[in-house]
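Trainee: I would like a close look at a single part of this model. Please take one contact between two chains and go through it slowly.

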Amino acid sequence: MADHPRTSSQTEFAPWTDPQAKPLIEFRGVTKRFGDFTAIDDLTLDIFEREFFALLGPSGCGKTTLMRMLAGFENPTEGEIRLSGQSIVEVPPNLRPVNMMFQSYALFPHLSVWDNIAFGLKRDRKSRDEIAARVEEMLRLTRLDQFARRKPHQISGGQRQRVALARSLAKAPKLLLLDEPLGALDRKLREDTQFELMDIQEKTGTTFVIVTHDQEEAMTVASRIAVMDHGKVKQVDTPARVYEVPNSVYVADFIGDVNLIEGRFTPTGPDRGEITYGAGEPPILAETTEQIAEGQTVTYAIRPEKIRVSAERPEDRSNVAFGKIIDIGYLGNVSTYHVELAGGQMVKAAMTNATRVERRDFTWDDEVWLSWRASAGVVLTQ
Amino acid sequence: MRRAALIALPYMWLLALFFVPFLIVAKISLSDIALAIPPYTPTLDLSRGWAGLRDWAAGLDFENFVFLTTDDLYWKAYLSSLKIALLSTFLTLVVGYPIAYGMSRAPTEWRPTLLMLVILPFWTSFLIRVYSWKAILAQEGFLNQLLLGLGIISEPLTILNTNTAVYIGIVYTYLPFMVLPLYAALEKLDDSLLEAAEDLGCSRMKAFWLITVPLSKQGIIAGSFLVFIPVMGEFVIPSLLGGSRTLMIGKVLWEEFFSNRDWPVASAVAIILLAILIIPIVLFIKNEEKQWESDI
Amino acid sequence: MRRISWFNATSLTLGFAFLYLPMIVLIVYSFNSNKLVTVWAGFSTKWYGELFHNEAFLDAAWVTLRVAVVSSTLATVLGTAAAYVLVRGGRFFGRTLFSGMLYAPLVMPDVILGLSLLLLFISVGLDRGMLTIILAHTTFSMAYVAVVVTSRLVAFDRSLEEAALDLGCTRWDAFKSVTLPIIAPAVISGWLLGFTLSLDDLVIASFTSGPSSTTLPIKIFSAVRLGVSPEINALSAILIAIVTVGVITTSLVSKRAITKRQREENRAGP
């Protein structure tokens, strides 16, 4: 997986940073209402060719509606959707160069694996030989060669998932939509399949748009993630930036585990300041690129793994706090310590379990020092 | 375009062969009494335009309905049909509920067979199933032979050609219509609900009344309508199993039509029967639609 | 596995005895040589022989069969279209009237349906005969087909149709190549239901038939009105046997299909 777009994105694959690049898909002020309910609210978004784009959000955030508008099953109430510069709002689903992999897979139960994959090709009135060649190619790509003659109920869930993928890729669409493609698989299989998906995406060079509510899945596969909430896009960015530099409390909280500390901001320099939060606690020293006024209420977001737990007061860190361990969540690879500071604030800190459990350093009611760098957290104003 | 055609085809069919006929029945029921052969006066002459329509409308009257009230045969027949339909619906429910309940509590692998056993009579000719009781209930029939042979009675009972035979016939032929919706409702019932009720202190009987019966309400309603409404207009059962004193409106309508050949009166009888049944029919359709929607 | 309770076993036994004893008695006594139906006088198949020489019955049976095939086929087409429109068609003008008209014949007393159709045929000047019976039977069978097909369509995963559209089908293509094959079992049982209802109908056929088109139920009814007859017993036994064989065969076939499927699913893994 070494040359997957995501890993290489920082250096080469980042068309969204290039102002000259033409997006494959453009949403322009798209609103979708179902009666009184606004599913998508004035949304503008670009997706580029060869991207593996993830729409991430809780159920009901509008991500599925967005995808169904791309497929042509829903039309926007207002606004425009363009594919390669052409509006596709009026184009019915069967005439769009877009295919979809359904959440339920929607494999035709009365057709064999082979016929399921050939289904779309037959609609294009391709010759028999052409269809056969393409189906064989898809079977090889998804490693389904031995199952071609089976019916969907005669194969396992993971194999069904691959048939659905092969079927939607067979017509070589400009854009492939994946609706919760791995939701029905168990955890182990899901992880393997994620890498397989990335591999296939890269081999075929197709643009993928995936809808998921699983943030780990989005982080693993996507070149960029759009975090959605209530019909709006909260942030569009690479997985690393969404995780490290969330632009709002919502995004910080939705992706991964985070400590959110509310306090008052006092600028102390051009790109730094102090956050006063609890009585008796020293203020947090934080870096920020935003211009924040004196005395404004802000939220300081810091990931638990950025916080170190130690028995002695560390001297080399900008931020230090003292507290008592209330709870320990043991997850195997990491342990999360819930530490109550003197002022009552609860802070989570995660430590890798490099040693075996019986030699773990801290236990309930231990008094410990927490410490982190000034650059470890983000100051959020919304 | 195709969608419009798809809707139009069955729609037009139903309008022409279901809706329009009722309008015609309604119109004829308001026409003058005449024997058998149309046209009935007044006739609608549209070539005379508005005046024709007005004359036609003025000629319609309710004399057939007035006639129905003057002869007590009719209202007695309506009342008697209503009584028979209500009582037999109740009897069918009482007989059908234990069967449906037993089926739904039977081991899973028996259920398809039991279901098939209920459906089988449903596919078998209605007429033949009614007919089969004639030989059983007759004076010299199998039931009397059996009871006499066992010494339970000393004189043969008169059952055939009485209302009792009609009730037996109705319960027998309509039983599958009651059992099937009841079974569909009871089968969905989760066993753990009853266990929870017992765990919370209900006796078995109490749990049955408080949990099972309310949760099978949909089935009870659907089954009762499926029995009550057609029985109101039943003709075959009273004419094969009932006696001369068995009064049911379906039979009256039939005789008015085929024996007396008085079509306007037959139409008036049908219109009133429909008026009685329209509310149960609408409720039945609503109940069905609610079920579809909850399934979607 | 749960054992069945005494109460349930008893109610099932009594219930099924009630449902089946009359038919069993009828069949057994169809082999009675006595002209008096209720007095057993020895085994004989003579009533079957007489039945097959009764021209009137054979004619009526032939009429009934043709009416049933044509009307159930028409009803299947119309009923399937109606069910599809109601489940998938969204909103359209007069939808409530439509579903009302579609489902009302399920419970509407036969005498009302029969009378109203007859008056229609007379007022448009259509001569009563096989055609009018077919039109009448199609109208009520359609309701049954629609109910059976609707229940299948409701359970149908809508994304299958969307997948077909997504892969390039027009709506009609999607219906033909995906929806129809999947709902086919329901369509077939709808046809069978319409067929048996048509074979069975006495009241509506009596209203809408003409002198040249007597159906079997009309024939049976006029024969049994006065009393029991051994010939009718034989005829009934034949009809019951046909239905029984039909129902048992279909249920065995579908049971085998289900077991086979389950076995294959188990073998395929999760």
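How many salt bridges are there between chain B and chain C?

Mentor: This is a predicted model, in which local features need pLDDT of at least 70 and side-chain atom pairs count only at pLDDT 80 or more, while totals for chains, interfaces and linings use all residues. Residues are numbered from 1 along each chain as its sequence is written, chains are lettered from A and ligands numbered from 1 in the order in which they are written, and side-chain values use heavy atoms, with hydrogens and water left out.

The count of salt bridges between chain B and chain C is zero; a salt bridge is a side-chain nitrogen of Lys or Arg within 4 Å of a carboxyl oxygen of Asp or Glu. Polar contacts do occur, with ten residue pairs between the two chains, both residues at pLDDT 80 or more. A polar contact is a pair of N or O atoms within 3.5 Å; within protein, one must be able to donate a hydrogen and the other to accept it, and residues adjacent in sequence count only if both atoms are side-chain atoms.

On the side of chain B that touches chain C, 68 residues are nonpolar, ten polar and eleven charged. Here Ala, Val, Leu, Ile, Met, Phe, Trp, Tyr, Cys and Pro count as nonpolar, Asp, Glu, Lys and Arg as charged, and the others, Gly among them, as polar. Helix 1 (residues 2-29) of chain B gives the most to this side, with 20 residues; helices are DSSP runs of H or I, at least four residues, numbered from the N terminus.

In total, the contact (heavy atoms within 4.5 Å) takes 89 residues from chain B and 91 residues from chain C. The two chains bury about 8200 Å² between them, 81% of it on carbon and sulfur atoms. Buried area is the accessible area (1.4 Å probe) that two parts lose on being put together, summed over both.

Methods: Helices (H or I, at least four residues) and strands (E, at least two) are DSSP runs, numbered from the N terminus.
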